Amino acid sequence: MKTLNIALAKGRLAEDSMELFKQCGMDMSFVKAKSRKLIFANSDNTITVILVKPSDVPTYVERGVADIGVVGKDTLIESNTDLYEMLDLGFGKCRLCVASPKKAVANPITCVNLRVATKYPNTAKAYYQAKGINIDIIKLNGSVELGPLVGLSDVIVDIVESGKTLVENGLEITDEICSISARLVVNKVSLKTKGEIIRPIIADIRQYQGGKADI
Ligand code: PRP
């Protein structure tokens with residue numbers, strides 16, 4: 001009997017993912033997402049679920065520790081990993097944006113690079129490179145909105161969901177880089193070796209979503 005190993009991003013995405021799997025007929029009741037346990041197996045050992053940091057999901061799937069995973073498109077773009085992105089799951093929707101202080105004035109010293117604070121250095125670099133703009137990347141791990149407020153950066157590249165964090169910190173969107181949502185990703189070897197398990201799951205999700213989620 002083969003085991004399907006699933007990597008989920010701890011938090012809201014894991015909850016939405018498990019609800020989706022449940023809707024598609026998979027019993028996920030063995031996963032206690034609110035406990036401190038990080039790995040769960042069902043009674044007949046046909047499914048294991050690991051709960052990992054969102055930014056680590058692509059790594060676990062690329063390395064084959066997990067056969068499938070659910071991860072935000074933002075994390076996926078940034079990770080630049082070699083795996084199959086099979087489905088747009090339609091939840092975890094937000095936008096990856098450039099934002100700056102409302103009262104920002106153009107920097108008169110044009111030889112100074114634009115300072116960009118972000119959790120997404122690769123994505124931000126690619127975005128500005130395509131525009132031919134030289135930047136200094138300031139990699140932060142959270143509360144990125146603070147960057148321009150304390151003079152650490154000129155702008156931020158970050159995800160915007162409700163927009164509340166921007167508003168409460170006097171920032172505004174100056175450009176939208178792309179739309180984000182949760183994606184089902186699959187290890188390339190697993191799709192061959194465990195295709196008889198993975199393909200029906202993909203088909204069930206597609207059917208559940210009315211066939212609208214194909215990439
Ligand atoms: C994310 C993101 C923004 C905020 C956007 O941060 O980096 O800061 O959510 O959400 P909003 O548009 O609904 O206000 P997260 O909550 O993941 O925390 P972090 O800043 O510590 O990464």
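Author: Let's begin with Leu149, which sits in helix α5, covering residues 146-149. Helices here are DSSP runs of H or I with at least four residues, strands are runs of E with at least two, and both are numbered from the N terminus. Keep in mind that this is a predicted model, in which local features need pLDDT of at least 70 and side-chain atom pairs count only at pLDDT 80 or more, while totals for chains, interfaces and linings use all residues. Residues are numbered from 1 along each chain as its sequence is written, and side-chain values use heavy atoms, with hydrogens and water left out.

The cut-offs are under 20% for buried and over 50% for exposed, with partly exposed in between (1.4 Å probe, protein chains only). The areas come from the Shrake-Rupley method with a 1.4 Å probe, and for residues only the protein chains shown count as cover.

Now let's step back to the whole protein. Its secondary structure comes to 8 helices and 11 strands. The C-alpha trace spans about 65 × 30 × 30 Å along its principal axes. The domain assignment gives domain 1 (4-92 + 181-208) and domain 2 (94-179); such bounds come from an automatic or database assignment. The centres of the two domains, taken over C-alpha atoms, are 30 Å apart. Where they meet, 7 residues of domain 1 are in contact with 8 residues of domain 2, contact meaning heavy atoms within 4.5 Å.

After α1 comes Gly25, whose phi is positive, near 90°.

Thr123, in helix α4 (residues 121-131), has a relative accessible area of 8%, so it is buried. Leaving aside neighbours within four places in sequence, Thr123 is in contact with Ile77, Glu78 and Leu96. Ser190, found in helix α7, is buried at 4%. Not counting residues up to four places away, Ser190 touches Asp67, Gly195 and Ile198.

Next come the charged pairs. A search of the whole structure finds 11 salt bridges, each being a side-chain nitrogen of Lys or Arg within 4 Å of a carboxyl oxygen of Asp or Glu. In one of them, the side chains of Lys73 and Glu85 meet at 3.0 Å, N to O. Lys73 lies in helix α3 (residues 73-79) and Glu85 in strand β5 (residues 84-88), so this pair ties together parts 12 residues apart in sequence. Another salt bridge joins Lys188 to Asp82, with their closest N and O atoms 2.7 Å apart. Because Lys188 is in helix α7 (residues 188-193) and Asp82 in the loop between α3 and β5, this pair ties together parts 106 residues apart in sequence. A further salt bridge brings together Asp175 and Lys131 at 3.9 Å, N to O. Here Asp175 belongs to strand β10 (residues 171-180) and Lys131 to helix α4, 44 residues apart. Salt bridges that share partners also join Lys73, Glu85, Asp88 and Arg183 into one network.

Let's finish with the overall numbers. Buried residues make up 45% of the 215 residues. Among contacts between residues at least 6 apart in sequence, 67% join residues at least 24 apart. The accessible surface comes to about 11700 Å², of which 51% belongs to carbon and sulfur atoms.
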